[in-house]
Amino acid sequence: MQSPTASNSPAPVQFAPSAVRVLLGHQVSVHLQSPPSGLVVLSGYDATVAQPVFNPIDRSIDVTGLHVGTTSVTVTDDAGSSATLSVAVLASAGRAYGNARATITGDPASADFVAEEAARAAMLVTYAEPGARVSIDPLAVRDAHSLGPDETASVHVPVSITGPAFLPYQQTVSVRVVNVAQPRVTPKFLMVSDFPETITENGTLFYADVNSGEPARLLYYHYEPPHSVTRRLLVKVQNNGSEASLLQVIDGLAGPNPNILQVGHESTRRFLVHEAANEGEIYEVPPGATINVIDQLLPGDNLISGLQQMRVISGDGVRIAVVVQDADDSPVGAVSDTLLQSAVRHARGVYRVPDFYYDEYYTVGDAPTTLTIGKLPLRNMVQGEVLGGDYGVKQSANLTLLNPSDRPANVGMWFQPRGGRATGSFFVDGRLLQLHPVNPGRAELLKIFSVPAHGYRQVATVTMPEGGSSYPVTLILSSEAPPGGGWSTTTTLY
């Protein structure tokens with residue numbers, strides 16, 4: 001007997017992908033692989049979350065996201081075969097405008113600084129949802145190059161916003177960077193916010209006025225103890241005048257970081273680099289307005305530090321305030337005139353001497369010439385502690401090396417901490433030299449200078465005591481290695 005021929009079974013319902021994430025208010029399409037023809041019925045879904053529609057021409061299921069949430073779509077063909085499509089409707093992690101502007105200074109502004117300022121401008125037009133994080137990599141910025149005074153450039157900044165409950169957002173912000181020619185002006189005052197150094201509550205840490213014709217430098221250094229709520233530190237500029245003010249700000253920021261010496265070193269190094277090139281940003285402060293020029297997160301068991309040199313270019317003077325608040329609070333709050341207090345005293349106030357200048361000589365064969373950095377306590381112009389260690393005070397030295405002998409001679413420059421570990425940043429004849437932490441009593445070789453027979457050599461040095469380090473330190477100039485030092489540089493110097 002001949003067996004009957006088995007009939008072909010209908011192909012199961014298949015589509016790819018089997019699960020989709022849909023941006024709220026947008027649409028995605030899922031390709032229906034089987035059945036290859038005919039209609040399918042969509043059922044079982046939450047119509048408030050998503051609206052799926054079968055497209056018989058493209059053989060696709062087009063899903064529109066209506067509300068954040070999840071649902072499932074049952075897809076059934078004419079033969080009764082079915083499969084389930086999982087749908088998650090998510091909001092975007094944030095958004096960003098496509099264009100921004102940065103007004104800077106620099107003689108010239110380096111490519112790295114142009115990229116840094118473009119990234120900062122892009123951040124100001126980027127808005128993340130609560131719980132999402134903005135990522136801008138200055139190394140990924142495109143078209144940044146050195147800009148001379150009164151030159152402009154279009155710089156492109158890739159922005160990414162991500163979060164666990166959101167769809168990632170990508171945007172490239174085109175930033176118009178304008179370098180406005182500005183003179184180099186020495187500040188007249190040093191403002192210090194280091195009290196309370198350890199933050200235990202929110203409020204105003206420091207405020208003072210910066211007037212036209214009286215530039216000032218601000219130094220702040222603050223610590224958030226372990227197991228504390230994450231806070232943010234804001235440097236606010238308040239214009240109480242009747243006309244807009246233009247403000248040039250040259251800064252060096254570091255942190256958050258639990259490494260005490262590293263935070264002070266990085267902020268000082270960055271400031272000295274920017275200040276040497278007159279690299280700054282120009283802010284417009286409307287009359288009666290308050291803007292934030294610095295916004296730094298301060299998590300528990302971390303430090304932050306900053307140096308800002310501020311000059312009113314035009315308009316009325318402004319009030320500068322350092323404020324600490326919870327990270328989730330609005331950053332546009334008013335500035336309180338009541339200053340935070342602490343039983344542990346540190347420097348807070350205004351000091352008259354923001355720069356020291358030295359002229360020193362050394363003759364080959366003589367006893368070493370020493371220059372002590374950070375030795376002169378500065379009197380506070382307002383009620384408060386003196387400033388020990390000269391932190392935030394730029395120190396410039398013209399060094400003349402004399403060689404009366406018949407042969408060329410080498411003269412070394414050594415860095416020697418006196419009371420505790422210290423880092424250092426030095427511009428020596430325009431070249432940046434940096435030191436990892438050096439132990440007290442050790443003399444670390446910074447540089448060797450060759451001085452011709454019956455001749456001389458002049459050396460220009462710029463440095464600044466670094467927060468977290470133990471200053472004063474001693475610079476030693478000698479044709480003989482000092483105790484605790486040698487004629488070879490080590491990996492401490494970089």
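Is Asp 429 buried, partly exposed or exposed? With 39% relative accessibility, Asp 429 counts as partly exposed; buried means under 20% relative accessible area, exposed over 50%, and partly exposed in between, using a 1.4 Å probe and protein chains only. Keep in mind that this is a predicted model, where local features need pLDDT of at least 70, side-chain atom pairs count only at pLDDT 80 or more, and totals for chains, interfaces and linings use all residues. Residues are numbered from 1 along each chain as its sequence is written, and side-chain values use heavy atoms, leaving out hydrogens and water.

**Two aspartates with positive phi**
- Asp 429 isn't a glycine, yet its phi is positive, at about 50°.
- You'll find Asp 429 in the loop between strand 29 (422–428) and strand 30 (431–438); strands here are DSSP runs of E with at least two residues, numbered from the N terminus.
- Asp 150 also has a positive phi, near 70°, and sits in the loop between strand 12 (133–135) and strand 13 (152–162).
- Asp 150 is exposed, at 61% relative accessible area.

**Cis peptide bonds**
- Ala 16 and Pro 17 are joined by a cis peptide bond with omega about 0°, and Pro 17 lies in the loop between strand 1 (14–16) and strand 2 (19–23).
- Gly 255 and Pro 256 are linked by a cis bond too, with omega about 5°; Pro 256 belongs to strand 19 (residues 245–257).

- Strand 26 is joined to strand 33 (residues 473–478) by five bridges, and Thr 369 has Leu 477 as its bridge partner.

Notes:
Pairing = 2+ DSSP bridges. Helix = DSSP H or I, 4+ residues; strand = E, 2+ residues; numbered from the N terminus.
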